[in-house]
Amino acid sequence: MNIQFKKGALELCVLALLYKQDRYGYEIVQKISDQIVISEGSVYPLLRRLKKEGYLTTYLQESKEGPSRKYYRLTDQGRDHLHVLNEEWKQFSEGVNQLIKEGDFNE
């Protein structure tokens, strides 16, 4: 998949994954990797940026499987940002799909 597609959608994917439940970093990477090919190194800088911008908070929680894990939680500001990004994504993807349909190159 085109790397520019992934870069644009990764922020939306991370915020969407955190909408219903808190998750730790590796869990987020695995959930995204189940759907699209990404490098683990692309998610952690994004998580740090989203936290710095106030869209996420973090807390440590003990794990039965090893050291404590850093969990990420969506803030109210993050929820608002997710809704904005989701609307933008819908408009963008509908526009692209319409243009592809008009191109009708799949004959």
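Colleague: In what order do the elements run from the N terminus on?
Modeller: The order is α-β-α-α-β-β-α. That gives the protein four helices and three strands. Keep in mind that this is a predicted model.

Colleague: Why is Phe92 called exposed?
Modeller: Exposed means over 50% relative accessible area. Phe92 has 52% relative accessibility, so Phe92 counts as exposed. You can find Phe92 in helix 4, which covers residues 76–103.

Colleague: What makes the nonpolar surface patch of about 500 Å²?
Modeller: Phe92 again, together with Trp89, Val96, Ile100 and Phe105. To join such a patch, a residue needs over 30% relative accessible area and no salt bridge. Phe92, at 52%, is past that area cut-off.

Colleague: And how much of the protein is buried?
Modeller: Of the 107 residues, 31% are buried. Here buried means under 20% relative accessible area. As for the accessible surface, the total is about 7,700 Å², and carbon and sulfur atoms hold 51% of that.

Colleague: What share of the contacts joins residues 24 or more positions apart?
Modeller: Taking contacts with a separation of 6 or more, the share is 49%.

Methods
Residues are numbered from 1 along each chain as its sequence is written. This is a predicted model: local features need pLDDT of at least 70, side-chain atom pairs count only at pLDDT 80 or more; totals for chains, interfaces and linings use all residues. Side-chain values use heavy atoms; hydrogens and water are left out. Helices (H or I, at least four residues) and strands (E, at least two) are DSSP runs, numbered from the N terminus. Buried means under 20% relative accessible area, exposed over 50%, partly exposed in between (1.4 Å probe, protein chains only). Contact means heavy atoms within 4.5 Å. Accessible areas come from the Shrake-Rupley method with a 1.4 Å probe; for residues, only the protein chains shown count as cover. Patches are made of residues with over 30% relative accessible area and no salt bridge: like charges are joined within 9 Å, nonpolar side chains (Val, Leu, Ile, Met, Phe, Trp, Tyr) within 5 Å. A salt bridge is a side-chain nitrogen of Lys or Arg within 4 Å of a carboxyl oxygen of Asp or Glu.
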